[in-house]
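Hi,

Here is the structure I promised to pass on to you. Have a look at it first, and then read on for what turned up.

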Amino acid sequence: GGGGGKGKRGAAAEEAAPAAAEPRGPLQGLQLPKRKHASGPAPSDTDLPPAPSATERPVPEKESPILEVHRGYRQTGRYATAQVVVGPDGREVYNAHLNQVDVSTGVNRYYVVQLLRVGGSYEVFCHWGAV
């Protein structure tokens, strides 16, 4: 058909669509669309440096900043009893600090995600903002 709107895609249109990357793990078999603005081919496992094994990571020191509960958690009133969760080997710390910077648009954001043990339960704490 010659319509300009969105409609059902035929088999020929699906065959012409670019191949998507094949996820691994629990998402295996899920087809993801290619990124519209990718400047080149997606990196393969052979293009990336090997991740350090758990035994190669150092055990963080007791006063290490990576073990600190984010100050934004203070407003909950449970800050004094909260601890960032550390794996049984003492090397895996469930604490992520992410930055998003785009010089062309002036975007400079941060995201914090922590798994916390508070008393006998666990909480995921998320905090974000602009730098």
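In this predicted model, L98 has Y111 of β3 as its bridge partner. The two strands involved are β2 (residues 95-102) and β3 (residues 107-118), which run antiparallel and are joined by eight bridges. Four residues lie between the strands of this hairpin, and G106 takes a positive phi there, near 80°.

The largest nonpolar core has eight residues: V69, Y73, A82, V84, V93, L116, V118 and F125. As general background, nonpolar side chains in soluble globular proteins tend to be buried together.

Leaving out residues up to four places away in sequence, L116 touches V69, Y73, A82, Q83, V84, V85, S121, Y122, E123 and F125.

Now for the rings. How many aromatic pairs does a search of the whole structure find? There is one. It is formed by Y73 and F125, edge-to-face, with 5.4 Å centre to centre and 85° between the planes. The pair links distant parts of the chain, 52 residues apart: Y73 belongs to the loop between α1 (11-16) and β1 (82-84), while F125 is in strand β4 (residues 121-130). Are these two residues, Y73 and F125, buried or exposed? Both are buried.

One last item for your charge models: the charged end of R74 sits over the ring of Y79, 4.8 Å from the ring centre.

Technical notes. Residues are numbered from 1 along each chain as its sequence is written. This is a predicted model: local features need pLDDT of at least 70, side-chain atom pairs count only at pLDDT 80 or more; totals for chains, interfaces and linings use all residues. Side-chain values use heavy atoms; hydrogens and water are left out. Rings of Phe, Tyr and Trp (its six-membered ring) pair if their centres lie within 6.5 Å; planes under 30 degrees apart count as stacked, over 60 as edge-to-face and the rest as tilted. Buried means under 20% relative accessible area, exposed over 50%, partly exposed in between (1.4 Å probe, protein chains only). A charge sits over a ring if NZ of Lys or CZ of Arg is within 6 Å of the ring centre and within 35 degrees of the ring normal. Two strands pair if DSSP finds at least two bridges between them. A nonpolar core is a set of buried Ala, Val, Leu, Ile, Met, Phe, Trp, Tyr and Cys residues joined through side-chain atoms within 4.5 Å. Contact means heavy atoms within 4.5 Å.
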